[in-house]
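Please find below some notes for a reader who is new to this structure. The points begin with the core and then turn to the sheet.

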Amino acid sequence: MTNQLTQQEKKAQTVALAVKNLGYPITSQDENKVTFYYKKSIVTFYIDTEQVTGYTIKSGRGLMHLLQQIYSMNSNSQLL
């Protein structure tokens, strides 16, 4: 058994780190999805399809899609 992370696990960690850096704690994370609260509603990022869903955001695809929405709605954040 190796200690190497799968590609999906690496993607999940990248998504989780990006969301945490904007100040939102992760509520759940595994190799398939990452979930967190944004404006009192759950947002889910599916790793395989890069689909983003949640009541308080516009559904779409891609990490940048998600980060741009959060950043543009939160003037106190800094996107690096």
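**Notes on the core and the sheet**

1. In this predicted model, the largest nonpolar core has 19 residues, and F36 and L66 have the most contacts inside it. Such a core is a set of buried Ala, Val, Leu, Ile, Met, Phe, Trp, Tyr and Cys residues joined through side-chain atoms within 4.5 Å, where buried means under 20% relative accessible area with a 1.4 Å probe, protein chains only. Helix 1, strand 2, strand 3 and helix 2 (63–73) each give two or more residues to this core, and helix 1 gives the most, with five. Helices (H or I, at least four residues) and strands (E, at least two) are DSSP runs, numbered from the N terminus.

2. Leaving aside residues up to four places away in sequence, L66 touches V19, F36, V43, F45, V52 and I57, a contact being heavy atoms within 4.5 Å.

3. The five strands form an open sheet in the order 1-2-3-4-5, with antiparallel pairing, which requires at least two DSSP bridges between two strands. Strand 1 (26–29) and strand 5 (60–61) are at the edges with a single partner strand each, so one side of each lacks a neighbour in the sheet.

4. Strand 3 (residues 41–46) and strand 4 (residues 51–54) pair over three bridges; V43 stands opposite G54, and T44 has T53 as its bridge partner. Four residues lie between these strands in their hairpin, where E50 takes a positive phi near 60°.

5. Residues are numbered from 1 along each chain as its sequence is written. Local features need pLDDT of at least 70, side-chain atom pairs count only at pLDDT 80 or more, totals for chains, interfaces and linings use all residues, and side-chain values use heavy atoms, without hydrogens and water.

How values were computed. Buried < 20%, exposed > 50% of the residue type's maximum accessible area, 1.4 Å probe, protein only.
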